[in-house]
Amino acid sequence: MGELSPTVANNGQFAAIAELRWRTFVNALRTTRGKLELLSQILIGFAFAIGGIGGAVAMGFAAAVMISAGKPELLALLFWFVFLFWQVFPIMASAFGNNADSSDLLRFPLSYRSYFLVRIVYSVFDPATAVGSLWLLGILLGVGFMKPGLLPWTLLVLLAFAAFNLLFMQMIFAWVERWLAHRRTRELMGILFVLLMLSFQMIGPLIGHFQKKSSRPDVQRYVDILASVQRILPPGLAADAVAQAVYPRSLVGFSSFALLCTFVVLAGYGLHVRLLAQYRGENLSEVAVSPLHLDRSLRFGWNLPGVASPVAAVFEKEIRYLFRSGPMLLTLIMPIFVLVLLRFGAMNSLQHSGVFPASAPDMAFPAAAAYTLLMLTNLVCNSFGADAAGIQFFFASPVNFREIVLGKNLAHAAILAAEAGMAWFAVSFLYGPPALPVTIASLAGLLFAAPLNFAVGNLLSIYAPKKVDYSSFRNQKPSQISVLISLGVQLFVIGVGVLVFWIARRYGSFWIAAVILLGLGGISLVAYRMILDRVNGLALERQETLVGELCRA
């Protein structure tokens, strides 16, 4: 019998993958957890739909206003906003995605073309892609409403821009994972990547900051240079391709579109290089080549004063895991980025305009402290995810599960304390040192929020575990049940904190907030202790589920 043509073979592979995903989804609904996962996905999808549709309406209205005002070049602001969201949101909110890892398919006889296309199709269902596509649709409708004749051309430009964002996001993730797999380059590439992401996010605030001083010729010259540079980058090229068609200057607009397509090809080629290496068997790992002279000296574990040896051992393991995870480290330092953006962006503008009172910066540290706790969601609500098959050693070791969980919680608390300390220094540098009552009240709020999050996270780690890989951007997402429940806990904690601080500000003393939150912290600690004492029995009851889920290939 003759061989099948490549097209027929690829179609058969796509059908098999789709059938596999469908059967996995249907079979998961037979369990209570699968039904809860579906419910959580529907709720989270509904929230993203609201943001996507609302943003699309705003984008469409803004595009129509810019076109009607005769300033189509301002569309670059919209394109830059979409681009930054598309690239940054997957890093800042990695917990809200639940895409499958396409590299798992490499164990099957899959052609490279099919593997590449499957990787792209998987990324299409990423929340950032869905929301960004809706926003681009809003821009399309806004331009088409004002200039119906430009609708086909605008659609073509927006499709190319969407393709670039999709390919660029996947290319960045693939290459960063490659660089972070080597310890020697991890620190350097991590710093460069952080600076790059920060520089992209600072474009808007810097433009707004310099425009206030546009009367100075030198400042205006720098603004003009920055505007010229952005025109040769994909968001600026997409905006220019549409703007030149409005005037009309078809030849100039087509040249901008051609350059945009060049960026699409470059992003696709960069992704192709990495995926081809994976397809040919590249296996990134932390294992180094054995040196000729091994250091066989005995190395003792950390000795924490007042902490039992098993708890200290788990604490050390968790900290070492974290320091070896570039993507997780990048996620944890995002609060500092947000403070910088607020300082030179929205908050700075609002404070100068008189919308915010002079005391508004006092709330910067409480907000930063709350955001640092939010960044720990992936760690807290899926404590055993990074252990994977190592969970079997926990059950085999002569150690109480209460000590294991306590060691993990102590590591999370240490990370939270370090994050809060960095946030305090950042706030002090950017806004001025927070007042002592504000600092004490914020720390009391963490004393209330952290044990409550740890208690709920311990339960979720046992009842809804999921294997994750913190060395990869794509594989550090907990189960959707954990995301939904932890999100509800965060909303409750933030709501209580806002209410307490509002009461304190109303009565003119933040010491009131400190006293109230300290009382709530005592209740939270009691609840945490109660759940911690039951962890060992719960883990033994669900031993089969934990091992089966975390040892899954």
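1. Helices α2 (residues 32–68) and α5 (residues 127–146) pack with their axes 7 Å apart, at an angle of about 30°. That makes α2 roughly parallel to α5 (angles under 35 degrees count as such). Please bear in mind that this is a predicted model, where local features need pLDDT of at least 70, side-chain atom pairs count only at pLDDT 80 or more, and totals for chains, interfaces and linings use all residues. Residues are numbered from 1 along each chain as its sequence is written, and side-chain values use heavy atoms, with hydrogens and water left out.

2. On terms: helices are DSSP runs (H or I, at least four residues) numbered from the N terminus. Axes are lines fitted to C-alpha atoms over the stretch in contact, and angles run from 0 to 180 degrees between N-to-C directions.

3. The crossing of α2 past α5 is right-handed (the near helix is turned clockwise from the far one by less than a right angle). Among the α2 residues that meet α5 are Gly51, Gly52, Gly55 and Gly60, while the α5 side includes Trp135, Gly138 and Gly142. By class, this contact has 14 nonpolar, seven polar and no charged residues; Gly counts as polar here.

4. Now look at α19 (residues 401–430) and α22 (residues 510–541), whose axes come within 8 Å and cross at roughly 130°. The two are therefore oblique to each other. α19 also passes α22 in a right-handed crossing.

Note on methods: Angles under 35 degrees count as roughly parallel, over 145 as roughly antiparallel, 65 to 115 as roughly perpendicular and the rest as oblique. Contact means heavy atoms within 4.5 Å.
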